[in-house]
Amino acid sequence: MQVTVSGEEDSTRLDRVLAQHGQNLSRSRLKALILAGHVAVKGAAVRDPAYHVAKGDTITIDVPAAAPAEPAGEAIALNIVFEDDDIIVIDKPAGLVVHPAAGHESGTLVNALIAHCGASLSGIGGVKRPGIVHRLDKDTTGLMVAAKNDRAHASLTAQFADHGRSGAMRRGYLAFAWGALSRQRGTIEAAIDRHPHAREKMAVRESGRHAVTHWEVVETFSGRGGKPMVSLLACQLETGRTHQIRVHLTHIGHPLLGDTVYGPHFRTKANALTSKAQAALAALGRQALHAYQLTLEHPGTGEILSWEAPLPEDLRLLAEALRAAD
């Protein structure tokens, strides 16, 4: 921002002249900018707030971007599946955001991990993502691993980048999808990129990044009249794109139950479910997706570790309702 002294100023003191042209900057903020050398008069930095400027002087203010606030530890309960000096594996509940972002500056998994792990938490992931090597959507439940030191962070980052192509890494998801698939198993290979019009969404696009999802039918549920209406799929990721399973299943015409972002046009299909299933789906309030399986190589010992997390209560009740007769 530039200010030119006009001669009509109430004072020629630098700090007071700027206070009249500060564009919502407080006097204390302006003083701090002067003392830090971010204010120049006629091209030369001036660090004295009482410096007297002359008519016609050009004052330049360089306002640096605000540094992101470091997240603080918060006592948030975690369902810990495994923990040692290198890694922590949790079963994430629905509604828990993984790391701070606009609109979610606190109450995140990162805040919980900082409180739980203390100073050991790895910082390679950045100020706002310490220890984080992958994430789940806010309303997706299931297994997540975080690194507790730099060595573990480097190892896990490499494993997730490889996606099991040459190592032990495996990530399995259980997905309740609309409709009955025509085969027992299959693979969806379609590039994913940001949606061209809705920036909060992803979409299958030729311009996108390579993405591969393998799926297998675990169970099929019928609605009223015995018509197959819902499939429970076990999905394995070969890549890790944002919203990958949600986008890929929508792409083949089988969006997730409860997915208001990618499957809103399927809401009327709920009318064909039994009354018990309709009630369970209405109570769900989120996409029906659960990260049930995680396999990786331990960063320290090299041991292959594997965990499975049962369906959370809301999805368990949904499955029971889908199986039940009306």
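Buried means under 20% relative accessible area, exposed over 50% and partly exposed in between, with a 1.4 Å probe and protein chains only. This is a predicted model, where local features need pLDDT of at least 70, side-chain atom pairs count only at pLDDT 80 or more, and totals for chains, interfaces and linings use all residues. Residues are numbered from 1 along each chain as its sequence is written, and side-chain values use heavy atoms, leaving out hydrogens and water.

**Stop one: aromatic pairs.** A search of the whole structure finds two. Rings of Phe, Tyr and Trp (its six-membered ring) pair if their centres lie within 6.5 Å; planes under 30 degrees apart are stacked, over 60 edge-to-face, the rest tilted.

Select Phe82 and Trp307. Their ring centres are 5.4 Å apart and their planes at 45 degrees, so this pair is tilted. Phe82 sits in strand S5 (residues 80–83) and Trp307 in strand S15 (residues 304–308), so the pair ties together parts 225 residues apart in sequence. Strands (E, at least two residues) and helices (H or I, at least four) are DSSP runs, numbered from the N terminus. Trp307 is buried at 10% relative accessibility; Phe82, at 23%, is partly exposed.

Next, select Phe176 and Phe221. Here the centres are 6.2 Å apart and the planes at 20 degrees, so the pair is stacked. Phe176 is buried at 0%, and Phe221 is buried at 2%.

**Stop two: two helices.** Show H6 (residues 275–284) and H7 (residues 313–323). In contact (heavy atoms within 4.5 Å), H6 residues including Leu281 and Leu284 meet H7 residues including Leu318 and Leu322.

Definitions and conventions: Axes fitted to C-alpha atoms, helices over the stretch in contact; angles between N-to-C directions.
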